Amino acid sequence: MTRATVPTRRSGPAPGATAPTLPAPGRPTAVPADRARRIPDRLAIALPILVLAVMGWHRRWITDDGLIYVRAAREILAGNGPVYSPGERVETSTGTLWQWLLVLLDALTPGDPARVAVYAGLVLSITGTWAALAGTRRFLRAETGRPLLPAGALVFVALPPVWDFATSGLETGLLVGWIGLSWRLLVTCGPDDTTIARRLGIAVVFGLGPLIRPELTATSLVFLIAMVLAARLPWRPALVVFLCAGTLPAAYQIFRMGYYGLPYPMPAVTKSATRQLWGRGIDYLVDFADPYRLWIPAVAVLLIVATLPVGRSPRDRRTWVLGAAPVVAALAQGAYVLRVGGDFMHGRMWLPVLLLALLPVLLVPVDRRVVALVVLVPLWAAWCGVSLRSGLVTTPGPRAGTYQTWNERMVYVNWTRTANPTTSGAHTSTLPGLRAELFRMDADGRRMLVMDGNHLSDAAALPPLPLRRDLPAREGLIMGRLGVGGAVIPLNGIVVDVWGLGNTVGAHIEPTAHVAAGHEKLLPLAWNVALYVDPASWSSIPARVVAFEDVRAARAALECGDLKELLRSTTDALTPGRFLRNLTGSFSRAALTIPPDPRAAERKFCVR
């Protein structure tokens, strides 16, 4: 039997094919162009991230407003609901999503919730900046194949306020994270770049803006419009995108209006966010731009943009839409900051505006025409980071002895005498004995109201006064610093804020004393006595501290007309009927103003 012969497969190229070219012996293999560009691009991204991480960690801290978020999260975890004090539904957290993220993190992480807020903010700031840089890299890679340099990114990370608010316990880290992620997602949008499911997912992310800060609604809308234009969506799919983006914010808005009885958080009422304060807004801009000579990098970046040939073709619609979107959002956001008069924290409200404006130029391609300008930016960044600083107190206010803004971090570094006040204990240590006394009162069952004399000097000499018997709280504290007050008193105690951030009456009174931006409504003591002190003890308060007739008039006004309804919207049991009344009356309730003089308030609400 003969064995069949199996033909062997020939090695080498098929007939007619060209043999592969091998490198000559001793000659290095050529690196692909894209791979060669990847290394400098990664270095361009890594440098600003490293600066932000190091300086954010070096200047880590938590502000009193950050402790407000911490207390609200603790109340939710304790089963008391999204409130600040028992018996009163008040939304003290402007950043809704940040509050609920802290709830989740605190539930999963043991230890001091203040530290959790600090470190979560730093992680989000870093990852958000990284996402923004990755988005800019993708945006420019479609236009040019040249290596990239971190021009705009160095402008952002060189500023001390960016280092300060990378932590602070506030929602700024989440805000940076959302802007960076949104930009990274936006640059992927095009006619063929995304599936329908992914496009709707991107819309949900864009729609989170109002839940991070209410004023980010404009940025959300701009990004959604840019996505629709870049993807060239017909009107029906575009409508679905907007509906998908608005579902979660709309659902929470209905809850907010029905639960709290207001269309926006209490701090917006307190700070009269609907007023137009353009002059103060300009002061706030100068206070941010002048110490760091921001005009230098601004001019350099504008010249770079004008010189580079990116998106020059008028027919390149997608590039123009994507590049213009964050700039338009920055203009809208900046106009809002100017209109409301800024903030009392140096630079804080300008950080998202600056980041949005810089998104398309966080990285710039290497080009001989802009070499001098690109070199100027890191030189300025080094000068800014090493030498340029804002003082402890910055822009003067409208009257002698008052201030528009201040360096908030330095205030608490000096107050706590700690280089990095990252814990609740660092802040409560500024009130020696008060926390222990409040917890002793709670353990002994003494239902008393304690007064902090930092803002009510005449009340400093008052002993604790008995609380009203119909209040659900075990003890109360009238405090000038709401966050610290929430840290020193047990969760079943009332924290009474003299500046109105957590006090329904205080938020609605007419301005009484300008101390800083957003600090203009110092609630007279008579109101807090009428709200919280047992009437049997009113007569024991010295007339030099508060007049009995003022307390009586305040109590009478609280039982009359629209003011009575305002209080009931936050203190009545939340029945379906109460929810509906709160919902339908929220806007008129937000517009209500109360004369600070109790006798004038009695005449306004009780005399018809």
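Modeller: Before we start, a definition: a cavity is a set of points, on a 1 Å grid over the protein atoms alone, where a 1.4 Å probe fits but cannot get out. Please also keep in mind that the structure above is a predicted model.

Biologist: With that idea in hand, what volume does the second largest cavity have, and which residues line it?

Modeller: The volume of the second largest cavity is about 60 Å³, and its lining consists of Leu52, Ser125, Thr129, Phe156, Val162, Phe165, Ala166, Thr172, Val176 and Leu351. Helix 4 (113–141), helix 6 (160–165) and helix 7 each contribute at least two residues to that lining. By residue class, the lining of the second largest cavity has seven nonpolar residues, three polar ones and no charged ones.

Biologist: How many cavities of 30 Å³ or more are there, and what lines the largest cavity?

Modeller: The count comes to four cavities of 30 Å³ or more, and the largest cavity holds about 90 Å³ of space. Around the largest cavity stand Glu171, Thr172, Leu175, Arg213, Glu215, Gln333, Val337, Arg348, Met349 and Pro352.

Biologist: Turning to the aromatic rings, how is a pair of them described?

Modeller: In general, one describes a pair of aromatic rings by the distance of the centres and the angle of the planes. In this structure there are 14 aromatic pairs. Take phenylalanine 206 and phenylalanine 223: their ring centres are 5.6 Å apart and their planes stand at 70°, so this pair is edge-to-face, since planes over 60 degrees apart are classed that way. Phenylalanine 206 belongs to helix 8 (residues 196–206) and phenylalanine 223 to helix 10 (residues 217–231), so the pair ties together parts that are 17 residues apart in sequence. Phenylalanine 206 and phenylalanine 223 are both buried.

Biologist: How are the rings of tryptophan 538 and phenylalanine 548 placed, and is tryptophan 538 buried or exposed?

Modeller: Their centres lie 6.4 Å apart with the planes at 65°, so this pair, too, is edge-to-face. Distant parts of the chain are linked by it, for tryptophan 538 sits in the loop between helix 23 (525–532) and helix 24 (548–558), while phenylalanine 548 is in helix 24, ten residues apart. With a relative accessible area of 10%, tryptophan 538 is buried, whereas phenylalanine 548, at 44%, counts as partly exposed.

Biologist: Which residues do ring pairs link into a cluster, and which arginine lies over the face of tyrosine 259?

Modeller: The cluster joins Tyr252, Phe255, Tyr259 and Tyr260 through ring pairs. Over the face of tyrosine 259 lies arginine 89, at 5.8 Å from the ring centre. Elsewhere, arginine 481 lies over the face of tryptophan 415, at 3.6 Å from the ring centre.

Biologist: Finally, in what order do the strands of the open sheet stand, and which strands are at its edges?

Modeller: Four strands form the open sheet in the order 4-3-5-6, with mixed pairing. Strand 4 (465–466) and strand 6 (494–497) are at the edges, and each has a single partner strand, so one side of each is left without a neighbour in the sheet. Strand 4 runs antiparallel to strand 3 (residues 448–451), and two bridges join them; leucine 449, for instance, has leucine 465 in strand 4 as its bridge partner.

Technical notes
Residues are numbered from 1 along each chain as its sequence is written. This is a predicted model: local features need pLDDT of at least 70, side-chain atom pairs count only at pLDDT 80 or more; totals for chains, interfaces and linings use all residues. Side-chain values use heavy atoms; hydrogens and water are left out. Two strands pair if DSSP finds at least two bridges between them. Rings of Phe, Tyr and Trp (its six-membered ring) pair if their centres lie within 6.5 Å; planes under 30 degrees apart count as stacked, over 60 as edge-to-face and the rest as tilted. Buried means under 20% relative accessible area, exposed over 50%, partly exposed in between (1.4 Å probe, protein chains only). A charge sits over a ring if NZ of Lys or CZ of Arg is within 6 Å of the ring centre and within 35 degrees of the ring normal. On a 1 Å grid over the protein atoms alone, a cavity is a set of points where a 1.4 Å probe fits but cannot get out, and a pocket is an open set with protein on both sides within 12 Å along at least five of seven lines; lining residues have an atom within 4 Å of a point. Grid points are joined across faces, edges and corners, and a volume is the space filled by probe spheres set on the points. Ala, Val, Leu, Ile, Met, Phe, Trp, Tyr, Cys and Pro count as nonpolar, Asp, Glu, Lys and Arg as charged, and the others, Gly among them, as polar.
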